[in-house]
Amino acid sequence: MDHLRYKKVDLHMHSLASDGVFAPAVLMQRAYENGVEVVALTDHDSLNGLDEARCEAVKLGMKFINGVELSVQWMGVPIHLVTLGFDMDNDAVNTVVNANQQVRIERGKTIAALLMKQGLPDIYEEALEEAGISQLGRPHFAKVLVKKGLVKDMNKAFDKHLNNKHLGGKLRQVWPELSDVVHQLNSSDVYTIVAHPKRYPLTVTKLKRMLTDFKVAGGKGIEVVSGNEKPDSVRLLERLSREYEFAASVGSDFHGPFGPWTEIGKYTPIHESEVSPIWYRWFA
Ligand code: AMP
Ligand code: MN
Ligand code: MN
Ligand code: MN
């Protein structure tokens with residue numbers, strides 16, 4: 001296991017431009033302090049943090065890759081695509097991001113209405129305010145519920161009110177189809193990667209079906225590790241990346257100091273020599 005090498009790469013993290021807690025520059029300083037050398041910022045459906053992050057990362061001597069974590073769906077299941085390596089003026093990426101931002105606004109209204117059906121007050125406006133410059137999502141509704149004292153913490157907000165179970169599965173159908181998005185992005189030098197493949201409600205058989213569709217559409221890689229993944233999962237994902245000839249990506253999915261993700265630059269070890277690391281495309 002070649003520790004020294006992979007430890008310096010982190011291609012999945014969030015800033016204030018989506019649901020992370022740090023400004024993009026602060027996030028890059030943290031990455032640098034953790035010894036990261038190759039870094040990507042991948043906010044949910046937003047490119048807004050990239051200029052600030054790139055500027056800081058380059059100043060600190062890190063290699064920076066433009067990134068975004070796009071929300072799509074496959075067979076009605078929400079899937080996240082970490083998308084890397086595009087130029088800021090890439091038409092296809094901007095088109096998909098803009099469309100998803102519209103979806104997030106409409107989806108926010110649905111979330112607010114569904115929370116009211118659970119007997120909670122209408123918190124749409126407050127959630128929008130909470131989101132500020134970032135893309136509206138369930139974490140913002142969760143924060144408002146915590147602030148209002150309606151739940152103890154973010155975890156409880158998700159557990160009691162914001163899981164798909166509570167929202168009646170009504171949030172599943174809103175995102176664009178995985179294949180359509182991958183097709184759209186495939187026209188240029190954009191690298192689409194299935195984020196945290198083991199975190200979806202899919203059996204291994206269904207997961208493989210999804211990966212097949214992703215491959216056929218032109219998908220280029222999968223994350224072989226996301227944060228604190230179990231070593232068994234990482235081995236399975238490494239195998240799948242070889243089987244499908246997918247490039248391998250790695251990341252913490254860091255959002256802030258507290259949560260289910262890991263610290264920037266830290267994640268379950270991978271067998272780097274047994275996969276085809278995606279960052280070699282830019283920085284060997
Ligand atoms: P959305 O983008 O609206 O679907 O919200 C999903 C986001 O909620 C994920 O990206 C996570 O960052 C966050 N999230 C999910 N579960 C939890 C939890 N239990 N506590 C805090 N944040 C969570
Ligand atoms: Mn998130
Ligand atoms: Mn994700
Ligand atoms: Mn993420």
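**Exercise 1.** Find how far a polar side-chain atom of His 44 lies from an oxygen atom of ligand 1.

*Solution.* Start at His 44: the distance is 3.0 Å, and a polar contact is a pair of N or O atoms within 3.5 Å. Next, take Asp 19, where a polar side-chain atom is 2.9 Å from a ligand 1 oxygen. Then turn to Arg 104, with a side-chain N or O atom 3.3 Å from an oxygen of ligand 1.

A note on the model: it is predicted, and side-chain atom pairs count only at pLDDT 80 or more. Residues are numbered from 1 along each chain, and side-chain values use heavy atoms.

**Exercise 2.** Work out which helices supply at least two residues each to the shell around ligand 1, and why the ligand lies between two domains.

*Solution.* First, list the helices (DSSP runs of H or I, at least four residues): α4 (91-117), α6 (138-147) and α7 (154-162). Second, sort the shell residues, those with a heavy atom within 4 Å: 2 are nonpolar, 4 polar and 4 charged. Finally, check the domains, whose bounds come from an automatic or database assignment: ligand 1 lies between domain 1 (7-89 + 178-283) and domain 2 (99-162) because both give residues to its shell.

Conventions
Chains lettered and ligands numbered in written order. Predicted model: local features only at pLDDT ≥ 70, side-chain atom pairs only at ≥ 80, totals over all residues. Polar contact = N/O pair within 3.5 Å; in protein donor to acceptor, adjacent residues only side chain to side chain. Nonpolar A, V, L, I, M, F, W, Y, C, P; charged D, E, K, R; others polar.
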